[in-house]
Amino acid sequence: MLVKSMEWLQDRLRLLDQTRLPKETRFLDCSDYRQVVEAIRELRVRGAPAIGAAGAFATVLAAQELGRQAPSDFRARLEQAASEIASARPTAVNLRWAVRRVLRASEGAKTPAESVALLLAEAHLIQQEDEAANHAMARFGADLLPQGATVLTHCNTGALATAGHGTALGVIRTAWEQGKLKQVLATETRPLLQGARLTTWELQQEGIPVTLMADSAAGFRVSQGGVSCVILGADRIAANGDTANKIGTHMLAVMAKEYRVPFYVAAPTSTVDLDTPTGADIPIEERKPEEVRGFAGVQTAPDGVPVYNPAFDVTPARLITAIITERGVVRPPYTESLKLLFREQQAERPGARHG
Ligand code: MRU
């Protein structure tokens with residue numbers, strides 16, 4: 001059974017606290033939207049699609065609270081809480097996208113109770129669609145891998161980072177099920193070790209062979225040959241294909257290009273932001289210096305040493321071989337291929353809007 005990053009329980013959101021993994025499986029029950037905002041900021045729930053879904057459920061919690069208070073300006077106050085939720089972390093567009101989507105779904109509500117019901121139904125839909133999207137992109141992605149593939153991945157893009165199965169890790173899972181995968185090479189992903197703590201944990205549970213390496217070993221490993229491809233996720237894909245993802249991604253893309261290793265990004269269309277023209281327009285989250293000066297309460301650098309701690313970097317589109325989505329695999333030039341992806345989507349789902 002795959003681990004679930006979150007579960008809605010009648011009137012509250014249960015989150016698996018990912019900061020405790022792999023040592024402890026501890027859950028956090030949130031009945032106040034502010035707890036979810038805190039959990040997103042502290043990476044108790046993390047990964048672009050997962051924080052999108054958590055943000056959607058947090059908006060339901062805000063509506064429940066306001067419904068109990070029954071203020072005359074219910075909608076205005078709900079929108080205020082929603083904007084607080086949407087800005088908990090700035091880079092992953094899925095968060096803003098999901099919060100806007102649930103708000104839009106509840107626009108016609110006549111009472112707070114009706115609003116709660118519409119918000120909740122839409123939040124569940126986002127969760128279900130994300131899981132289905134993961135399976136669809138996993139099939140497209142697995143087709144790109146050669147038989148006996150050795151795949152290098154970065155950060156955690158698995159069931160923990162999504163509503164289930166995973167994006168890049170979903171491709172890896174499906175390739176394993178199809179008997180195509182030999183092994184996974186996982187980076188530690190400093191400073192918060194999502195690769196070491198979460199990706200290896202998820203893969204070990206399913207018996208998928210994985211070797212962990214320090215981020216600084218990845219370049220040498222690629223240069224040694226035998227890496228079939230690099231595959232990882234995204235927090236935001238700009239209209240021209242530039243991709244924000246976990247810090248260290250850009251470095252891997254440069255190495256992959258140098259050694260002619262295909263470099264794939266796997267992400268649902270909810271991560272594509274056509275309103276952001278290029279990578280230069282993507283806001284990059286800077287996190288606390290303590291995350292680099294030490295880990296888990298153990299200090300590894302002198303007190304007060306200045307720290308540079310961007311959570312993400314931007315990989316230029318020219319380094320990306322293909323982007324794998326639930327709608328299919330898109331290739332350069334991305335300005336055209338991504339636009340086409342959305343045109344097809346809108347043609348099939350009248351009234352569907354992104355953003
Ligand atoms: O800071 P995190 O752990 O939320 O960063 C996560 C990533 O960068 C993932 O690669 C991305 O969100 C895609 S998850 C399917």
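**Exercise 1.** Which domains does the domain assignment of the protein give? State how far apart their C-alpha centres lie and how many residues are in contact.

Solution. The model is predicted.
- Step 1: the assignment gives domain 1 as 6-134 and domain 2 as 136-348.
- Step 2: between the C-alpha centres of domain 1 and domain 2 there are 25 Å.
- Step 3: on the domain 1 side, 27 residues are in contact with 36 residues of domain 2.

**Exercise 2.** Describe how helix α1 packs with helix α2, including the direction, the crossing and the residues that meet.

Solution. Two packed helices are described by the angle between their axes and the distance between the axes.
- Step 1: α1 covers residues 33-41 and α2 covers residues 48-69; they pack at about 160°, and their axes are 8 Å apart.
- Step 2: angles over 145 degrees count as roughly antiparallel, so α1 is roughly antiparallel to α2.
- Step 3: the crossing of α1 and α2 is left-handed.
- Step 4: from α1, the residues Y33, R34, V36 and I40 take part; in α2 they meet I51, A54, G55, A58, L61, A62 and E65.
- Step 5: sorted by class, this contact has eight nonpolar residues, one polar and two charged.

Notes:
Residues are numbered from 1 along each chain as its sequence is written. This is a predicted model: local features need pLDDT of at least 70, side-chain atom pairs count only at pLDDT 80 or more; totals for chains, interfaces and linings use all residues. Side-chain values use heavy atoms; hydrogens and water are left out. Axes are lines fitted to C-alpha atoms, for helices over the stretch in contact, and angles run from 0 to 180 degrees between N-to-C directions. Helices (H or I, at least four residues) and strands (E, at least two) are DSSP runs, numbered from the N terminus. Angles under 35 degrees count as roughly parallel, over 145 as roughly antiparallel, 65 to 115 as roughly perpendicular and the rest as oblique. A crossing is left-handed if the near helix is turned anticlockwise from the far one by less than a right angle, and right-handed if clockwise. Contact means heavy atoms within 4.5 Å. Ala, Val, Leu, Ile, Met, Phe, Trp, Tyr, Cys and Pro count as nonpolar, Asp, Glu, Lys and Arg as charged, and the others, Gly among them, as polar. Domain bounds come from an automatic or database domain assignment.
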